[in-house]
Amino acid sequence: MAVDQRRPEQAARPVPDAPPQAVRGLLEHLTSTSLDEDYAHVSRRRAAAADAQPSRPDRPGRATAVLAVFGVLVATAAVQTSRDADASATSREALVDQANARKTQLAQRRTRVQALQSEIAALEASGLEATTDGRAAQQQLTRLGVLAGSRPTEGAGIRVLVDDAPDAPSFRQQVQAPDLQKLVNALWLVGAEAVAVNGQRVTSLTSIRDAAGAITVNFVSLRRPYTVAAIGNPTTMGGRLLDSAGGQTWVTLQSTFGLGFEVETVESMVLPAARRLDLRAARAPGGRR
Amino acid sequence: MIAVLGLVLGVALGLLLQPAVPVWLDPYLPIAVVAALDAVFGALRAFLDGIFDDKVFVVSFVSNVLIAALIVYLGDQLGVGGQLSTGVIVVLGIRIFSNVAAIRRHLLHA
């Protein structure tokens, strides 16, 4: 019992004969013992022995040798570090070279894909031209291709130029993706055969949406002003567009918020094919699978 | 004076020969250099204090280098090589700084 009562008192007070590193902080200990204690120890011992024996001769050879080793060590480390730096720079250059080589390869492959695709198209056309059935199929293919956006389409039509209001301070005065959607849908409604926004062909798989402050069509970000081109009857489409709900929306946008909205007829223009259309389902003519 | 000549000779030798360091030794070389630096500054301070002893210097130099390399090796085996290297560098760095401070007091009396 008596022992238990004494314990807290002991813990609070340092033990008088504890070694210095036990009571000092680590950093303090490090600083105060930065010189190896051996030097002091040896010199004390030598001082004690000096009376009995003559002091031994100075031999600087060993220290010199160790210092030489130290020099070699330092020089080697420095040389090694600079050599490593060279190696890492070399590997970086090698990577850049590799990336460039692959880029060139990719470009070559793309060119080859294009060449092969046009070859396929030519073979397809020549094969279909040979028979009556083939010619009918070719015509159907062309018609469907125009509507699906799988082939470039040429013809007359109208071009609608839309833009933000000048110095548009608020998003209300900027063209938004839903506005473009309404315009494109209105163009389909008034009889457009093919539609493209800033050269991006609109197909049944196209999305027109906002992405990070830019309008994205076919996953390609577009910059203002926007040109919506539609192939169809140039004499009637413009008038019918202004009568349609989508056209009315744009007339309101123009008068209320000052957005740019301009319709012009075009004698002839070419809309590019959609960049990518995957074949999802196929059927042989006559219903055979 | 002769000792300084030895240092110069060693550096020149290292630069001239450029010995190839084996890959397994590569991580331990920098820490060995720092440990050797500590031993060298300790020796310089002892020299200025008038208590330099070449035997102590040789032993402290070799043991410093070996122990520093050993600690890093152990750390690498345990997966804490980076942290242990940092610890060794901190301790040796503090010792080097306080030794250099003592040398400065000797040389400049300030």
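The predictor's confidence in each residue is expressed as pLDDT, on a scale from 0 to 100. For chain B this confidence averages 86, and 98% of the residues score at least 70, while the complex as a whole receives from the predictor an ipTM of 0.83 and a pTM of 0.48. Where pLDDT is low, the predicted coordinates should not be read in detail. The structure is a predicted model, in which local features need pLDDT of at least 70 and side-chain atom pairs count only at pLDDT 80 or more, whereas totals for chains, interfaces and linings use all residues. Residues are numbered from 1 along each chain as its sequence is written, and chains are lettered from A and ligands numbered from 1 in the order in which they are written.

The secondary structure is described through helices (DSSP runs of H or I, at least four residues) and strands (runs of E, at least two), numbered from the N terminus. Chain A comprises 9 helices and 8 strands, whereas chain B has 4 helices and 0 strands, arranged from the N terminus on as α-α-α-α. Burial is judged by counting the other C-beta atoms, placed from the backbone, that lie within 10 Å of a residue's own: the residue is buried at 20 or more, exposed at 12 or fewer, and partly exposed in between. By this criterion 21% of the 289 residues of chain A count as buried, and for the 110 residues of chain B the share is 32%. Two residues are taken to be in contact if their C-beta atoms, placed from the backbone, lie within 7 Å. Among contacts with a separation of 6 or more, residues 24 or more positions apart account for 75% in chain A and for 67% in chain B.

In chain A, three strands are arranged as an open sheet in the order β4-β5-β6, with antiparallel pairing, where two strands are said to pair if DSSP finds at least two bridges between them. Strands β4 (208–211) and β6 (220–222) of chain A each have a single partner strand and stand at the edges, so one side of each is left without a neighbour in the sheet. Neighbouring strands of this sheet are turned by 40° against each other on average, direction ignored; axes are lines fitted to C-alpha atoms, for helices over the stretch in contact, and angles run from 0 to 180 degrees between N-to-C directions. The antiparallel pair formed by β4(A) and β5 (residues 214–217) of chain A is held over 4 bridges, and A:Asp210 has A:Ile215 in β5(A) as its bridge partner. Helix α7 (residues 177–189) of chain A packs on the sheet, where it touches β4 and β5 of chain A, and its direction makes about 170° with that of β4(A). Several residues of α7(A) are buried, among them A:Asp179, A:Leu180 and A:Lys182. In the loop between β5 and β6 of chain A lies A:Asn218, a residue other than glycine whose phi is positive, near 55°; A:Asn218 is buried, because 20 other C-beta atoms lie within 10 Å.

A further set of pairings in chain A involves strand β1 (residues 153–163), which pairs in the antiparallel sense with β8 (residues 260–271) over 10 bridges. Within this pair, A:Gly157 stands opposite A:Val266 in β8(A). Strand β1(A) is also joined by 6 bridges to β7 (residues 226–231) of chain A, again running antiparallel, and here A:Arg159 stands opposite A:Ala229 in β7(A). In the loop between β6 and β7 of chain A is A:Pro225, and the peptide bond from A:Arg224 to A:Pro225 is cis, with omega near -5°.

The contact between the chains takes 38 residues from chain B and 31 residues from chain A. On the side of chain B that touches chain A, at least two residues each are supplied by α1 (2–17), α2 (28–49), α3 (54–78) and α4 (81–108) of chain B, with the largest share, 11 residues, coming from α1(B). The residues of this side divide into 25 nonpolar, 8 polar and 5 charged, where Ala, Val, Leu, Ile, Met, Phe, Trp, Tyr, Cys and Pro count as nonpolar, Asp, Glu, Lys and Arg as charged, and the others, Gly among them, as polar.
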